[in-house]
Amino acid sequence: LLIGVALGDLLHGLPINSAHNYTGSFWDLLQPYGIFTGVTLVLICALHGATFLSLKTTGDMRERAGQLARRIAPFTAAAVTAWVIWTHVTHTSAFFLNPIELLAILAVLAALWLVYERRSGFAFAATTVTIASCIVAIFTGLYPNLMVSSTNAANNLTAQNSASPAYPLKVMTVVVIVLLAVVLAYQAWTYYVFRQRVSPGDF
């Protein structure tokens, strides 16, 4: 919830002065758009978790997870659709949805259908795409800003005025390239190790 509120606030704007210091109060962080972004993210993650449990468990646990997914899915689809439309209307001037926004809606609708079809694997993949496309939509809407100032657009934190000097960026690029490969390899290994369903007999 808090991650969603924070991401929504970054895009919607916060009171920032010319020194790039936050000048608002605690309550300025709780904007309607930020709160709705947080609630939407919670619903997506709840559906994602329910589909994962349905995919990875057996028996009663699998059935309960499937029931939960079917209860959450309609609310999640409605929230994501409303959030995409709200984001598009308030943060872009184009009439049509961009490909990322359209992908978010199509993915969550696919997840809704797949959950009711009891196709856990594809439903999990669809919720994964939904999460990714919603987050990407926020950052593509932000770019080149990192944080929007609601006080004055000249006070926006941008990729240019917030960047580190060239040398630290080069060092971090090398670090990321190396560590990203390690993280991806580790994640692939964990998915391989836990590829089977878990049943009560395994305990």
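Predicted model: local features only at pLDDT ≥ 70, side-chain atom pairs only at ≥ 80, totals over all residues.
Take Cys45. Cys45 is in no disulfide. The nearest cysteine sulfur belongs to Cys134, and that sulfur is 9.9 Å away. A disulfide needs the two sulfur atoms within 2.5 Å. Turn to Cys134. Cys134 is in no disulfide either, and its nearest cysteine sulfur is that of Cys45, at 9.9 Å. Are these cysteines buried or exposed? Cys134 is buried, because its relative accessible area is 5%, and the cut-off for buried is under 20%. Cys45 has 40% relative accessibility, so Cys45 counts as partly exposed.

Rolling a probe the size of a water molecule over the atoms shows where empty space is left. Here, the largest pocket has a volume of about 160 Å³. Which residues sit closest to its centre? Thirteen residues line the pocket, and the closest to the centre are Ser54, Gly66, Arg70, Arg118 and Ser120. Which of them gives the most? That is α3, with five residues.

On to one residue in α5. Ile138 is in that helix. Ile138 has a relative accessible area of 3%, so this residue is buried. What does Ile138 touch, once neighbours within four places in sequence are left aside? The contacts are Leu7, Leu11, Thr37 and Trp83. Look at Leu11 on the screen. Leu11 and Ile138 are 127 residues apart in sequence. In space, their C-alpha atoms are 6.7 Å apart.

Last topic, the aromatics. How many aromatic pairs are there? The count comes to six. I will show two of them.

One is Phe36 with Trp86. The pair is tilted, with 40° between the planes and 5.7 Å centre to centre. Why does this pair tie together separate parts of the sequence? Phe36 lies in helix α2 and Trp86 lies in helix α3, so the pair joins parts that are 50 residues apart in sequence. Now the exposure of each ring-bearing residue. Phe36 is partly exposed, at 24% relative accessibility. Trp86 is partly exposed too, with a relative accessible area of 32%.

The other is Phe52 with Phe124. This pair is also tilted: the centres are 5.4 Å apart, and the planes make an angle of 45°. Again, distant parts of the chain are linked. Phe52 is in helix α2, Phe124 is in helix α5, and 72 residues separate them. How exposed is Phe52? Phe52 counts as partly exposed, because its relative accessibility is 32%. Phe124 is buried, with a relative accessible area of 13%.

Quick recap. The largest pocket has a volume of about 160 Å³, and α3 gives the most to its lining. Ile138 is buried and in contact with residues including Leu7 and Leu11. Six aromatic pairs, among them Phe36 with Trp86 and Phe52 with Phe124.

Key. Residues numbered from 1 in each chain as written. Heavy atoms only, no water. Buried < 20%, exposed > 50% of the residue type's maximum accessible area, 1.4 Å probe, protein only. 1 Å grid on protein atoms, 1.4 Å probe; cavity = no way out; pocket = protein on both sides within 12 Å on 5 of 7 lines; lining within 4 Å. Points joined across faces, edges and corners; volume = space filled by probe spheres on them. Helix = DSSP H or I, 4+ residues; strand = E, 2+ residues; numbered from the N terminus. Contact = heavy atoms within 4.5 Å. Phe/Tyr/Trp six-rings, centres within 6.5 Å; stacked < 30°, edge-to-face > 60°.
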